[in-house]
Amino acid sequence: MLKTAFLLTACLSLLVSRFQIAHSTRGEISRGGEKAQKIGAQPPGESAHPRLCGLACAVSSKINALSFEPDIAAPPAMAARQQPPQPPPRPGNANELYGTIGLPHAGRWMARGKGYNKDGAPAMHSDDPMADPNRNVIVSAHPLDFAPALPPTPEAVVTQKEQTFLPCVLPVTVGSTVYFMNEDQFVHSIYSMTLRSIAIGRRPPGEMHPRKIDKPGVIQLTCDIHTHMRGVVLSLETPYFTRAGADGRYRLRGLPDGRYRIEAYHLDAGKRTLETTLSGGQAKQLDFNYVKP
Ligand SMILES: [Cu+2]
């Protein structure tokens, strides 16, 4: 009997001991989160519970595997942000055209007055640089794939001096107002078959008459007193134009990217046309040769 009681007591003690160990282990596991958070603060030599460490490592590796799963591609927006920074784009209006105008026999094409001989006065010729043939070549760039703004051309003046329209060719944007002057000591008129509303009757020296140019194209001018007088208002549907220099060179700056029809116009030599495309802030050479090959 005593032997049986001893055996029962030993079994009960063993069970109680195992229950305490199991309870203690569950308590540590239940506080595992707190321990894991403080794991970095463990004093040297005191490690976390091996099972807790294993669990934390497993969770950590799982999280890492999810965060950097190679099969999950980055969305396009994120991929774009990860590209190296690109250089700033060049301004789109920094293109340039330049070149030379080849006018043959330029001396023959001086659109000057032939002289006022009706009353016996000697022939008069203007020394005004605006009477130079090269200075009366206008180069204009006409956009083909966008519509440019057309601000009125400032200081648009045509004068009649020594029986000569000066300048012989005046370029303006269509819609501009041109001021017509008479600087001779006698009466002139202005007449145009191209734009009849431009007509100004005979008028004495010193008067200025504004006229709006509301039609595009080549607008011919003459004087019904001195019918040899010829001039042109070149009414353009583009703000990109320039007058060639006395050396026959021209330069057009500030052209936006795009396709263009480039025109060179002279009162007697006529019009030459080329097409070109400009982009990326380039400077392109285009020469106009009026000399027939
Ligand atoms: Cu006249």
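Two strands count as paired if DSSP finds at least two bridges between them. Keep that in mind as you click around this predicted model, because bridge partners come up at several stops.

**Stop 1: the hairpin**

Select residues 258-266, which are strand β14, and then residues 270-278, strand β15. These two strands run antiparallel and are joined by nine bridges. Together they make a hairpin, with three residues between the strands.

Is isoleucine 262 buried or exposed? Isoleucine 262 has 22 C-beta neighbours inside 10 Å, so it counts as buried.

**Stop 2: a three-stranded sheet**

Next, colour β5, β11 and β10. They form an open sheet in the order β5-β11-β10, with mixed pairing. Why does one side of β5 and of β10 lack a neighbour in the sheet? Both β5 (169-173) and β10 (217-222) are edge strands with a single partner strand each, so one side of each is left without a neighbour there. From one strand to the next, the twist averages 20°.

Zoom in on β5 and on β11, residues 230-236: they run parallel and are joined by five bridges. Click proline 171 and you'll find its bridge partner in β11, leucine 234.

Now move to valine 232. Not counting residues up to four places away in sequence, valine 232 touches Cys168, Val169, Val218, Ile219, Gln220, Leu221 and Leu267. Valine 232 also belongs to the largest nonpolar core, which has 42 residues. Among the residues with the most contacts inside that core are Val137, Val139, Val169, Val233 and Leu234. In soluble globular proteins, nonpolar side chains tend to be buried together.

**Stop 3: a four-stranded sheet**

Another open sheet has four strands in the order β4-β3-β6-β9, again with mixed pairing. At its edges, β4 (164-166) and β9 (208-212) each pair on one side only. On average, neighbouring strands here are turned by 25° against each other, direction ignored.

Select β3, residues 157-161: three bridges join it to β4, and the two run antiparallel. Lysine 161 has threonine 164 as its bridge partner in β4.

**Stop 4**

Go to the loop between β4 and β5, where proline 167 sits. The peptide bond joining leucine 166 to proline 167 is cis, with omega about -10°.

Glutamine 163, in the loop between β3 and β4, has a positive phi near 55° and is not a glycine. Glutamate 155, in the loop between β2 (138-143) and β3, has a positive phi too, near 50°. Which of these counts as buried? Glutamine 163 does, because it has 24 C-beta neighbours inside 10 Å. Glutamate 155 has 5, so it counts as exposed.

**Last stop: the whole chain**

Zoom out to finish. The chain comes to four helices and 17 strands. Of its 293 residues, 24% are buried.

Terms used:
Residues numbered from 1 in each chain as written. Predicted model: local features only at pLDDT ≥ 70, side-chain atom pairs only at ≥ 80, totals over all residues. Axes fitted to C-alpha atoms, helices over the stretch in contact; angles between N-to-C directions. Buried ≥ 20, exposed ≤ 12 C-beta atoms within 10 Å, placed from the backbone. Core = buried A, V, L, I, M, F, W, Y, C linked by C-beta atoms within 7 Å. Contact = placed C-beta atoms within 7 Å.
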